[in-house]
Amino acid sequence: MSSFVIAGKADDPSYARAEYAAKQVQAIVPNVFFRLEMKHPDHWKEFINSICKLYDFSSYSDDFGGPLVWTLEGDLVGGSADFVHNVCIHRFGMKDPPAVTDPLFKQIASDNLKQVKLQLQREQSGPSLAERCDTANAKAKVSNLLSSMSFDKRQLIHQGGTFEVWTSDQLAERQDEVRGAYADGQAARLEPGLRVCKVGQEDSHIIVLHPMPLVEKQLVLVPLRQTADITFKQLAEEEAAKQAEDAVVAPELPEDEAAKVAKLEIHPHKFRTGPIRDEDLSHLDFVAAMDILLNVGGVATWTGLKGSSEYRHPVETYIQVLPFPLNSAGADSPLQYPLELYIERVLHEGKTKLPVFPFQHYLVPVSPEKPDLQDYAKAVTTAYEKAKAHFDGSSWAIAFTTSWLLIMPMQPPDVDSPHHEAWLKLPPPHPCSLCGLLISMKVPSGFPETAGVMGLSNGKLVSTRAEEEGIPEGSPEFDVAIRDVRICSQLLDRPAEAVGIWAKP
């Protein structure tokens, strides 16, 4: 396994080119790891001098401008050009990247500098938002408040796009439990230790750790008005009311104990049942989301569904942030999410569609005028409204970062329709699939695949027994057979199609 450190000034196009090349290599050679050390120009000299002394890189002067690349073992590779030519091209077979003068690297360098400046501003204001999230996550782990899942993980390349498919035997059982507990719009009561802090304009939202995270430190943004603190006194009164018929007397609680918060109550988002105009994402939602993305980093996601039946935990009806890195390689990978290079290339070409996705979608750049929170929030709000305007309908899934927003219109089935049986068995994947990370239950083979037939008829991923066995409408078996769902076991080998399993045709 090869591991490299790439260090440079955030505003340097040469560093941006080395970073770009490392991501290209990572996409084709997953077992190569890179650590990126991106520094503010004012802090570069002190940093690089300390590195040169530590590893005895004596051939570089005190005013060396970088970038510099070395291995984790301390072996010097050289500058950006040495790294790209000797390591990326000759050793790993990467195609020659664009010249350092290409506008792409100037743009990457500009974005890098914005990121570093914002992080420094936050650090000067005390514990950063990222540190508060880290601290809350660590405490929640110690207190056993998080119920994580283990996944089998693999990487697939499809039409030049990198996907990761994570599967778990636990996911189907968990989905059944969640649907049973919250299908009728019930609120969730969480342990108060999952609350991180308030965030957003005038503290409009709270950050909550997802109680059943798919990835490390998965965060949820809940409007403050949709939450309530439940005290021990309230819990005791509720229990007493339930047992009133049995004449059970609730025990008296000490006054200081009774007033303590026992549970954090979160009501589900009203988008599914309320008017779109009143319950759609607002500028305040995007201010809070951008505060996290600029300080913690990650991909933000949201699914807005109208009608059909609910399959999500109440916290999942709100914006979620899945922190970087969203890949199986972890922090040593320069790729922050599987489709990062693919999406960057499409944006650079000025296109709005990802050729790898065979369903309706729309990609919009997020382009703030100034590198501050309010401008980022304004830019992503504008991108969201622009993306929605391209489609009719009232349901969609989105994913967005500080650079782009991607929307996929959806078509949830009516609860009385045969298609709803498929919705119950295979609900939409988490919207992080839009950036290349498909999280799914494992799919066993069923008939006709168990009879030696490869896949379902007409190449479908989801079908019914009526379709597969040719049972005609009007026959005695049809009403039962049309609701007997068949899921193709090849679903997980076709991730680009699986992402859009419930996309609007």
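Q: Which strands does helix α10 lie across, and at what angle to β10 does α10 run?
A: In this predicted model, helix α10 (residues 283-295) lies across β8, β9 (205-209), β10, β13 (299-304), β14 and β16 (396-400), and α10 runs at about 150° to β10. Helices (H or I, at least four residues) and strands (E, at least two) are DSSP runs, numbered from the N terminus, and angles, from 0 to 180 degrees, are taken between N-to-C directions of axes, which are lines fitted to C-alpha atoms, for helices over the stretch in contact.

Q: And what does α11 touch on the sheet?
A: Helix α11 (residues 340-348) packs on the sheet and touches β15 and β17 (404-409), where contact means heavy atoms within 4.5 Å. The direction of α11 makes about 75° with that of β15.

Q: OK, what's the strand order in that sheet?
A: The sheet is open, with eight strands in the order β8-β9-β10-β14-β13-β16-β17-β15, and the pairing is antiparallel; two strands pair if DSSP finds at least two bridges between them. From one strand to the next, the twist averages 20°.

Q: Which strands sit at the edges?
A: Those are β8 (195-199) and β15 (362-365), each of which pairs on one side only.

Q: Zooming in, how many bridges join β10 to β14?
A: Strand β10 (residues 219-223) and strand β14 (residues 319-322) run antiparallel and are joined by three bridges.

Q: Which residue of β14 is opposite Leu219?
A: Opposite Leu219 stands Val321, which belongs to β14.

Q: Switching to helix pairs, how do α1 and α11 pack?
A: Helix α1 (residues 13-28) packs with α11 at an angle of about 130°, and their axes are 10 Å apart. Therefore α1 is oblique to α11, since angles under 35 degrees count as roughly parallel, over 145 as roughly antiparallel, 65 to 115 as roughly perpendicular and the rest as oblique.

Q: Which residues meet there?
A: From α1 come Tyr20, Lys23, Gln24 and Ala27, and these meet Glu340, Leu341 and Glu344 of α11.

Q: What classes are those residues in?
A: The contact of α1 with α11 has three nonpolar, one polar and three charged residues, where Ala, Val, Leu, Ile, Met, Phe, Trp, Tyr, Cys and Pro count as nonpolar, Asp, Glu, Lys and Arg as charged, and the others, Gly among them, as polar.

Q: What is the numbering, and which pLDDT limits apply?
A: Residues are numbered from 1 along each chain as its sequence is written, and side-chain values use heavy atoms, with hydrogens and water left out. As this is a predicted model, local features need pLDDT of at least 70 and side-chain atom pairs count only at pLDDT 80 or more, while totals for chains, interfaces and linings use all residues.
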